[in-house]
Amino acid sequence: MRLLDRLPHEGGIFVLEGEAGIGTTHLMLHWANKHTADFPDGCYYADLNGTVAQNQNEAIVTGILQALGVSPTAADRPEQLLDLFRSVAAGKRILLLLDNAVSPAQVASLLPDGNFAVLVTSRRSLADLGKTHGAQRIPLGKLTTGESLALLREAGDPARVDADPAATAAVIGVCQRLPLALSLAAEQLLASPGLTMGELAADLSAREVGATLVVSLNTDLTFPVVLESAYGKLPARVKRTLWLIAAQPCRALDKFALAALTGLDAPAFEADLALLTRYKLVEHRRDGRIQLQSMIREFAAGHADPEEVRLAERRLIHFLVLTAQNAGNAMAKGWTGPMKYPAVPGVTPLVFAEQQQALKWFRAERRTALTLLGAVGPREPQASRLAVLYLPYLFLTKPWSMCLELIGHGVRIARDAQDHFDLARCLHGMAWVLHELRRDAEALPYLRRAMALQDNELDDKQGKAWTAFTFGECLTATGKPSEALRYFEIARAHFDETHQPLGSAFVLSSMAFAVYEHDPEGAISRAEEAVTIATELDNPALRGCSHHQLGLLHQRDGNLEEAVVEFRKALVIRRPTPERWGTADTLLSLGETYAQLHREADARAALTESMAIFADLHDPREYVAKATLTQLQVPPVPPEQNWLPDSEQPHP
């Protein structure tokens, strides 16, 4: 611990080396939890699983970038993600935790630049990492016999430990003086008050004979004797709970998701979890999520029933879909329309009383959603609905990499399952992302395919309305306002028919730009109507958007003071929300308007703040703000000014 305590001050790489069960992961997390304040820019954990897998680094770096609030799409190609991570991490005080590394090269490929702090665990020697990168290796050996005895007495029952020294010595021998094995043995004493040390030693010794046969075939395998003994004492239902947790693909889940996974009601699952916790078979993270130590996960997954696992994964998908539907409705009531999704026995979704709770859930489960869609989605056709239901969160926060990855999964799953309802919704989602990324021409084929499905095969008026709305926005952006108006009218008619004023307000706000060229007053009138509807609905996202859009119209019309008023109203609404991208966009428009009014100090302040947010998000609009800010410092050049010296003037 004294060696590790140098890490916050000196930086560098420290490697905890030791065989499975020696406690490297526990020590790493224990130390990191005590020193989080020393790393104000965050501590980031990655489980390397003792393997080198394809795209492993991409997945790890993408997760860290998203945790840092940075869109990985700022990297043009996947192989540039590491460079992006290194540029983002430069100058920051972060701690990178790499668990269960397999080789020095694997660790080296993930190292940031500069004065970084990295803590690594490995079951193998990483001596070469010390030679190439100056890593400080800390080999962890087994406990001494005296330390093993002290651990058994402290974690178990000292009276029973002391009552039979011979049996205690036998338990220590079978546990090979490994902290994890000794802790599990001690927990068996606590869980079974009538169990003597002699009985425990006999049970472990009997299991050791079978384990030896396995070890002779695989010399990398540590004796699973104590783990098998602890597992054998669990009731059948608790065993099932353990291996279902181990076999699902997500590293950690909260207790509500795990209860759905097991299909148990809350009291039954809580009882199972309490027993697994007592035996130290599960870990409780500070964020409330539950995970398994890698060796326990490998062991328990090996006992899983494949058919039970498949049903459990289906329940987990259903839980996330139903909860996402409730969260979306908490953010924008009824936005999806009547999306039918079957109730599933044993699955109780979460409900949300307010938008912030829903947003918090969406944010917390985004990695879970991506993992499940990638791993489980291809064999669970209705998983594509999860991608559809994440759209309200994506609309507000605009994490572009997640948008593309999540919706891409949805399109593939729905297409393969021939689920035309979800396919049309996901195609619309893909088109919306492309529109937001200023790639409208590429968005139009997706919209045409979605509209064809909704016209000919589906009764989905709500979905068709959103598709027509995005169609209108893309056509407006590509200079086709007359065609855009036709689609806006289709969208508005469907929203009105399905009694969705939120959708109608979005349509009015965007339609205003399509009619502006031939009817400026009508454009302003439509935008003002959108503001009125947004105010009546008291939806923050809609209110912020409608005031921003009205400000843009006033700016285009030359009513700059009115534009400032609307942009400032939008800022008041957007700042307290997770709409960082929207806040930066409004600040940019406000700064441009201040510049037109020659209010240079105000313009500089707005543009500087906008640029900082876009830079933090790694959004290319950072350079739009920077260009406008630069122009404030360069005097305008009169168009008639001749920059050529007399000697270079053209002659007739």
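Modeller: The expected span of a helix is 1.5 Å times one less than its number of residues. Helices (H or I, at least four residues) are DSSP runs, numbered from the N terminus. The model is predicted, with local features needing pLDDT of at least 70 and side-chain atom pairs pLDDT 80 or more, while totals for chains, interfaces and linings use all residues. Residues are numbered from 1 along each chain as its sequence is written, and side-chain values use heavy atoms, leaving out hydrogens and water.

Biologist: What distance does α31 reach from its first C-alpha to its last?

Modeller: α31 has 17 residues. At 1.5 Å a residue, the expected value is 24 Å. The helix comes close to that, reaching 24 Å.

Biologist: How many residues of α31 are buried?

Modeller: Buried means under 20% relative accessible area, with a 1.4 Å probe and protein chains only. By that cut-off α31 is mostly covered, and the buried residues number 13 of its 17.

Biologist: What is the volume of the largest cavity?

Modeller: On a 1 Å grid over the protein atoms alone, a cavity is a set of points where a 1.4 Å probe fits but cannot get out. Points are joined across faces, edges and corners, and a volume is the space filled by probe spheres set on them. Three cavities of 30 Å³ or more are present. The largest has a volume of about 350 Å³.

Biologist: Which residues lie closest to the centre of the largest cavity?

Modeller: Lining residues have an atom within 4 Å of a point. Elements giving two or more of them here are α21, α23, α25 and α27. Of the 18 lining residues, the closest to the centre are W335, L391, P392, F395 and W466.

Biologist: How many charged residues line the second largest pocket?

Modeller: A pocket is an open set with protein on both sides within 12 Å along at least five of seven lines. Asp, Glu, Lys and Arg count as charged. Beside 10 nonpolar and eight polar residues, the charged ones in this lining number 11.

How values were computed
Buried means under 20% relative accessible area, exposed over 50%, partly exposed in between (1.4 Å probe, protein chains only).
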